[in-house]
Amino acid sequence: MKISYNWLQNYFEEKLPEPEKVAEEIIFHSFEVESLDKLGTGGKIDWIFDIKVLPDRAHDCLSHFGIAKEISAIFNLKVLPSPKSGGGQDLGQGLSFSLREKARPCPKEETSLQIEIQSDKCLRYIGRIVRNIKIGKSPDWLKEKLETIGQRSINNIVDAANFVMFDLGQPIHCFDLDKLESPKIIIRNAKEGEKIITLDKKEVNLDESILLIADEKNPLVIAGIKGGIKAEVDENTKNIIIEVANFDAVSTRKTARKIGILTDAVKRYENEISPELCEQAMNEITEIIFNLAGGDVEKIVDVYPKKPEQKNVFVSVNYINKRLGTFFSKEEIENVFERLNFEYEEENGEFKILIPLSRIDITGPHDIVEDVIKILGYERIKGELPEIDWKPKTNENYLKMFFARNKLLNDGYSEVMTYSFRDKGEVEVLASASDKKFLRTNLSDGLKESLKLNQLNAPLLGINEVKIFEIGTVFKKSGEEIHIAFNNKKEIKEMNLDEFMKSADSFLNGLAGVGDPENRGPEKKIMPMKFKMWSAFPFIFRDIAVWMPEGEDPKELKKILIENGTELLIKEPYIFDSFTKEGKTSYAFRLVFQSYERTLKNEEIDEIITKISHKIKENSSWQIR
Amino acid sequence: MEKNEKKGREHPLSIVINDAVKIFTDLGFEVATGPELEDIWHNFDALNIPKDHPARDMQDTFYIKGEKDKVLRTHTSNVQIRYMENLIKSGGKPPFAIIAPGKCFRNEATDATHEMQFYQIEGLMIGENINMSHLKGILSHFYKKMLGEDIDLRFRPSFFPFTEPSIEFDLKFNGKWLEMGGAGMVHPNVLKNCGIDPEKYQGFAFGPGLERLMVIKYGMPDIRPAYQGDLRFNQF
């Protein structure tokens, strides 16, 4: 979520720390900050944080207000209860900005608005009529605010609603009152066969599982998800209804996924924002609209079937320290509660905390532990090795795989791993980012491909015969099984782990404590061991066989090969064949050439070989075969 | 042959897995395993990841055609549940400590640092007094054994439905901080779901990816060659 530094500053009397500092502290006390970008030039500079709000705090932190509360707790700065407005009478909890004008609406005592909730999926609905408004362009401050977080300005009413959503996290919808059958809003389930055309002019088929905002005849909005075109606010709109409502999280989420419409509103509703937020948001939107578009404000209609009750959570200093392995004092912990604005008292050696309604994530003392350590800082946890009194058992499955792997390695087989996904099989995944939608039923198919690849690369690998194996899970209709596959020349053998163990039984009996000790134990393999990525270009190999007097060490010959092989020689030349006849030994060396930058030409390699041949011929006791 | 290499070469991931297991079993952990094709209970529900909750979107899950109850496990955390359920069923109780290396799956596009299949190593330790400082101690010990003494570990806040508090941990290696994986104190609901009394017992769980560790340990530029059956990958 994009958060503007200047926007946040409006919540604080004191100057916020530098943006980099704010970002760093958010990372270590709240959420990941994916980026921090500077916007604008000269006197108009802002910084935009891209904050990855965690799912357990998405109900109260997907807004500037939410992040301001986090910053307040982290830096111990006071969030303004009624942020910088520069005077004027206060309208409840109106969060006015210095950027805004200061006029306050005085709502009329009566209203013609009626609201009827027919479904328990609507948790609260506040409506308000504002008559005789003036639709127009938004002022610069509003346009700029929205633009800095990547939103497009539409008109003063729509922009005001958007602004409040990004400010407080409460989605808002405005209707053109005159496009309704009557000033009556009904929140009901859709009827089978009913349709709605959304603001972006898409027709959506509705069914009984979908919650609607409707007038007495027609659907107006897919509740919490997307507005309809029927009561759209346009340039001719005079009278509006402002909707600030709350809908069931699960149902909103299900519907949004079913009809494939994911909006900023859905993102907030599906994370279960508190219905308590509605009132604050209605005050703010009313004030902004009144300032931007004027009008006669009527009183609100608030249908709130079941106001949630504030819960108490009991937690002790001991409980917190016991889980964290820390030694925090009572004062330190109380200080966290104060920074988080928790009301609390002490009762029988425990804290009794009255959890704010906005914090639906807190259900028990374990949640308080997290809030405490987030504020006090994870660096306060020292780290020590535990002692536990128990006897671990041997895991048969793992041991068998371990034995099997070592048996094959000892027999000269190298291990490969191939993909679990294939283009055919018995178990299919529903959707996949790849074209291989089936799980493998065997290892052999993958191993065959691996064999082919490695045989082509045999000169590069410096091996005459490719011997490979894989141990892995295969998936059949009847279930999954661990298999082992290895090759015998071109033929692949595959069996399940138990079958392999039976056939390897005699081997295992004579091999207690298997696992090559030289190759075991991580301590022996500490750096430096750097991986070298291979070249993506093809290699070329040439063989050179030379007769030498029997008993002469071929290392002189090898030296000549290396010295004259140029930098294109990708690996040390190696002997792939040798035999002795009539007092002479023939050594056949293989030279592999490859470049990291280009495809080599045969001619250039021929040239190198010619040069090498000349060098070899200088030694009269050697003959090239 | 000059280089008469009789012994085959192990896959680097296997080396990392076996080394990791050795380090943990030396500390008294028991190896545990579980299925790769898992049911919804063990992959989600028991881990306090409710149906129709945004938390299920945190991972891109492979669901199975024609089998509503099955997924390719998105993490090795399913092994936690299976181990604890079996322990309680067979009359056992904490303390215990398990380590579960295993293959997991996520339905996401592949790139140099992401694959649809990958290995995680799940650790779980439950007792009467197992705390977050122990988690830090165990993880520090593990990475020091793996990468050398000159590393540093730090925790950052995170969220997983099955731990509370939840953290992400970073490793300082060769002067750079690297994201390594997630961990936390096991959520009381998870213990309850397995029949363990969360009032009496507590402990930690962690589940870092092993490709990440392999890449860091060996300085590899890309994880994708790991699953291409290419012996050029087996350099160690």
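In chain A, three strands form an open sheet in the order β1-β3-β2, and their pairing is antiparallel. Strands here are DSSP runs of E with at least two residues, helices are runs of H or I with at least four, and both are numbered from the N terminus; two strands pair if DSSP finds at least two bridges between them. The edges of the sheet belong to β1 (2-4) and β2 (32-39) of chain A, each with a single partner strand, so one side of each has no neighbour in the sheet. From one strand to the next, the twist averages 25 degrees (axes are lines fitted to C-alpha atoms, and angles run from 0 to 180 degrees between N-to-C directions).

A word on the model: it is predicted, so local features need pLDDT of at least 70 and side-chain atom pairs count only at pLDDT 80 or more, while totals for chains, interfaces and linings use all residues. Residues are numbered from 1 along each chain as its sequence is written, with chains lettered from A and ligands numbered from 1 in the order in which they are written.

Now look at how β1(A) meets β3 (residues 46-52) of chain A: the two run antiparallel and are joined by three bridges. Lys2(A), for instance, has Asp50(A) in β3(A) as its bridge partner.

Stepping back, chain A holds 19 helices and 29 strands. Its C-alpha trace spans about 120 × 65 × 60 Å along the principal axes. The radius of gyration of chain A is 37 Å, whereas a compact globule of 625 residues would have one near 25 Å (taken over C-alpha atoms, with a globule rule of 2.2 Å times the number of residues to the power 0.38).
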